[in-house]
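Please look over the sequence and the structure shown below before reading on. The briefing is meant to be read side by side with them.

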Amino acid sequence: MKWAINPVLILVLITVSLGFSFCKTTNPVAKATNEKNPNPKPSEPKQNIPLTKELRLTYHAVWVAKENFELKESISLFGTGNQYTIQLAETQNFTWLRLSSTDRENQSQFRYVYKEDTQNPDVSYFVWGQKKCSVQVYRMPGGEFYVRWEGIHNGFLLVFESSTKKIESPKELAKSFHELVLGSLDVY
């Protein structure tokens, strides 16, 4: 009896599956959407708009840009920090910026863009929340100024570096760079 049911069951399954393959939809809406192949719209030229406007320096510090920028480089520092080099708009005083973070253990190994041991920089200190930060201004060859902002937040050294050819006093340059950094740096 067991063998008698199996051929009948197999025959019914074959008939049902063949019946479904011959069925066609009669719904005109479904038919229209299936047959309609819309021509793809010509794509508009893409602009160089960054996908993100945030760069995470540490778990507690994020660079939230107020203007568009182009990310030039992104690397990990010592496995505990990050480093980004970004290109800012040409209308800015500072056209590039390097944002870096590292923990206390690696602060002595930190590599700055510009390090001059013979020149004493002009150093300005600013209040940053309940902490202090420093901005150092170095005179570079060719009339350019190198500017470095440094502050410590939750055990991480945050460093922002740039250069400019804008001619103003080192104190004013330090103040404008400090305002640029604080305008985009969010800490938690």
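This is a predicted model: local features need pLDDT of at least 70, side-chain atom pairs count only at pLDDT 80 or more; totals for chains, interfaces and linings use all residues.

Residues are numbered from 1 along each chain as its sequence is written, and side-chain values use heavy atoms, with hydrogens and water left out.

**The chain as a whole**

- The secondary structure amounts to three helices and 10 strands, where helices (H or I, at least four residues) and strands (E, at least two) are DSSP runs numbered from the N terminus.
- Followed along the sequence, these elements give the pattern α-α-β-β-β-β-β-β-β-β-β-α-β.
- Of the 188 residues in the chain, 32% are buried; here buried means under 20% relative accessible area, exposed means over 50%, and partly exposed lies in between, using a 1.4 Å probe and protein chains only.

- Strands of a sheet pair through backbone hydrogen bonds, and they may do so in a parallel or an antiparallel way.
- An open sheet of seven strands, with antiparallel pairing, has the order E3-E4-E5-E9-E8-E7-E6; two strands count as paired if DSSP finds at least two bridges between them.
- Its edge strands are E3 (70-77) and E6 (122-128), each of which pairs on one side only.
- On average, neighbouring strands of this sheet are turned by 15° against each other, with direction ignored; axes are lines fitted to C-alpha atoms, for helices over the stretch in contact, and angles run from 0 to 180 degrees between N-to-C directions.
- Seven bridges pair E6 with strand E7 (residues 131-139) in the antiparallel sense, and Asp122 stands opposite Val137 in E7.
- Helix H3 (residues 170-184) lies across E5 (96-103), E6, E7, E8 and E9 (156-164), and it runs at about 35° to E6.

**Glu150, a buried charged residue**

- Which strand holds Glu150? The residue lies in strand E8, which covers residues 145-153.
- Glu150 is buried yet has no salt bridge, and the nearest side chain of opposite charge, Arg148, is 4.7 Å away.
- The side chain of Glu150 does make a polar contact with the side chain of Gln136, at 3.1 Å. A polar contact is a pair of N or O atoms within 3.5 Å; within protein, one must be able to donate a hydrogen and the other to accept it, and residues adjacent in sequence count only if both atoms are side-chain atoms.
- Leaving aside residues up to four places away in sequence, Glu150 touches Tyr112, Cys133, Ser134, Gln136, Leu157, Leu158 and Val159.

- A second open sheet, of three strands, has the order E1-E2-E10 with antiparallel pairing.
- Here the edge strands are E1 (54-58) and E10 (185-187), each pairing on one side only.
- Strands E2 and E10 run antiparallel and are joined by three bridges, and the bridge partner of Ala61 in E10 is Val187.
- Val62 has its place in E2 (residues 61-64), and it is buried, because its relative accessible area is 3%.
- Although Val62 and Ser184 are 122 residues apart along the chain, their C-alpha atoms are separated by 8.2 Å.

**Salt bridges**

- The whole structure contains four salt bridges, each defined as a side-chain nitrogen of Lys or Arg within 4 Å of a carboxyl oxygen of Asp or Glu.
- One of them joins the side chains of Arg98 and Glu161 (2.9 Å, N to O), linking strand E5 to strand E9 across 63 residues of sequence.
- Arg98 counts as buried at 12% relative accessibility, and Glu161 counts as buried at 0%.
- Another joins Asp122 and Lys171, whose closest N and O atoms are 3.9 Å apart; Asp122 lies in strand E6 and Lys171 in helix H3, so the pair ties together parts that are 49 residues apart in sequence.

Key: Lys and Arg count as positive and Asp and Glu as negative; His and the chain ends are not counted. Contact means heavy atoms within 4.5 Å.
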